[in-house]
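Q: Could you go through this one with me, one part at a time?

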Amino acid sequence: MNRDVRVPLVLIPGLLCNDVLWAPQRVGLHDCADIWIPDLSRAASLPEAVERMLADVPFERFALAGLSMGGYLAALAALRSPDRVERLALLNTRAHALETEAGRQRRNAQIELARRDFAALVEQLLPALLRPQALRDAALAQGVRDMSLSLGVDVFIRQQEANMSRPAIAHRLEHIACPTWIIGGDQDAIAPQESQHALARAIAGSHLRILRDCWHLSTLEHPGAVTQLLRQWLDSPGLPSRPYQGATP
C-alpha cells in the first residue's frame with residue numbers, strides 16, 4: 001500500500017458494541033487508513049441501520065469491515081451499494097437465512113432478563129464473547145462490560161428485535177463481487193467455524209482466516225492479529241474471483 005494514500009475505512013460494531021470494539025485497530029491502522037465508525041444505536045431495523053450508515057459515511061468509496069451483527073450490516077451494505085464498497089471484511093459473523101425459533105426464544109429470554117436486570121444480562125453474555133483467559137484480564141473484561149452498559153437496555157432491546165426481523169441475505173451473497181476477507185475464531189460459539197466456511201463458499205474469491213484460541217470479540221481478544229490481517233486485507237489487490245478452496249494459513 002502507498003502510505004502516502006490513506007484508505008477510507010468504515011468499521012461497523014456488533015450487537016451492544018460501539019467504537020471501543022475497534023479501539024486497537026484505530027491505533028494500529030492509523031498510518032494507512034482514515035477510519036470512521038458509525039453509531040448503530042438509533043436504528044430500529046438492520047436495513048434502516050444500513051441506510052443511515054450509507055447516508056452518513058463521509059467517504060464516497062471505502063473499504064468496509066464489520067464484526068458479528070456489524071458483519072451482517074456490512075454484507076447488506078455491500079449488496080445495497082456495490083459501487084461504493086471497494087472491499088469487504090466480515091469478522092465473526094454469519095448469514096443464516098432467517099431467525100430460527102430457538103434463536104428467537106433465546107433473544108426474547110435475553111430481552112426479558114435485560115428489562116429486569118441489565119447488568120445481569122451483560123454478565124451472562126460475557127463468557128460467550130471472551131475466552132476464559134481474556135475474562136481473567138480484568139481491564140479487558142471491564143472494558144467490554146463498560147462498553148455494553150454504556151449503550152444501555154433500550155439499545156440492546158432495539159438491536160435484538162432488529163436481529164429477529166433481519167432480512168435474508170444468504171441467497172444473495174454470491175452477488176458480492178468486491179475483494180472479501182472472512183475472519184473467524186476457532187472457539188466462537190456465536191458465529192462458529194462452519195458459518196465462516198459457509199460465507200467463504202458463498203462469496204466467490206473470498207479469503208478465510210480462522211484465529212486460534214479465539215472467541216467472539218476477536219478485535220479485542222487478539223488485537224494484534226486482527227489488525228495485521230486487516231492491514232493485509234487493505235494491501236491485497238482485487239484479484240479475479242476464483243472458487244473457494246478453504247481456509248488459508
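Q: Is the crossing of α5 and α7 left-handed or right-handed?
A: The crossing of α5 and α7 is right-handed; that word is used if the near helix is turned clockwise from the far one, and left-handed if the near helix is turned anticlockwise by less than a right angle. Please keep in mind that this is a predicted model, in which local features need pLDDT of at least 70 and side-chain atom pairs count only at pLDDT 80 or more, while totals for chains, interfaces and linings use all residues. Residues are numbered from 1 along each chain as its sequence is written, and side-chain values use heavy atoms, with hydrogens and water left out.

Q: Okay, and where do those names come from, and at what angle do α5 and α7 pack?
A: Helices (H or I, at least four residues) and strands (E, at least two) are DSSP runs, numbered from the N terminus. Helix α5 covers residues 118-129 and helix α7 covers residues 138-164, and they pack at an angle of about 130° with their axes 10 Å apart. An axis here is a line fitted to C-alpha atoms, for helices over the stretch in contact, and angles run from 0 to 180 degrees between N-to-C directions. The two helices are therefore oblique to each other, since angles under 35 degrees count as roughly parallel, over 145 as roughly antiparallel, 65 to 115 as roughly perpendicular, and the rest as oblique.

Q: Which residues make the contact?
A: On the α5 side they include Phe118, Leu121, Val122 and Leu125, and on the α7 side Val144, Leu149, Val153 and Phe156 are among them, where contact means heavy atoms within 4.5 Å. Sorted by class, the contact has 12 nonpolar, two polar and two charged residues; Ala, Val, Leu, Ile, Met, Phe, Trp, Tyr, Cys and Pro count as nonpolar, Asp, Glu, Lys and Arg as charged, and the others, Gly among them, as polar.

Q: New topic: in what order do the strands of the sheet come?
A: The order is β2-β1-β3-β4-β5-β6, in an open sheet of six strands with parallel pairing; two strands pair if DSSP finds at least two bridges between them. β2 (33-36) and β6 (207-211) stand at the edges with a single partner strand each, so one side of each is left without a neighbour in the sheet. On average, neighbouring strands are turned by 20° against each other, direction ignored.

Q: How many bridges join β1 to β3?
A: Four bridges join β1 (residues 7-12) to β3 (residues 62-67), with Val10 opposite Leu64 and Leu11 opposite Ala65. β1 is also joined to β2 by four bridges, and there Val7 stands opposite Ala33. On to β4, β3 pairs over six bridges, with Ala65 opposite Ala89.

Q: How many residues of β3 are buried?
A: Six of the six residues of β3 are buried, so β3 is largely enclosed by the rest of the structure; buried means under 20% relative accessible area, exposed means over 50%, and partly exposed lies in between (1.4 Å probe, protein chains only). In a regular strand the side chains alternate between the two faces of the sheet. In β3, Phe62, Leu64 and Gly66 point one way, whereas Ala63, Ala65 and Leu67 point the other way.

Q: And how many of β1 are buried?
A: Five of the six residues of β1 are buried, so β1 is largely enclosed too.

Q: Let's look at α2 and α3: how do they lie relative to each other?
A: Their axes come within 9 Å and cross at roughly 65°, and α2 and α3 are therefore roughly perpendicular to each other. α2 spans residues 46-56 and α3 residues 69-80, and their crossing is right-handed. Residues making the contact include Leu46, Val50 and Met53 of α2 and Met69, Leu73 and Leu76 of α3.

Q: Is Leu79 buried or exposed?
A: Leu79, which is in helix α3, counts as buried at 14% relative accessibility. Not counting residues up to four places away in sequence, Leu79 touches Ile169, Arg172, His175 and Ile176.
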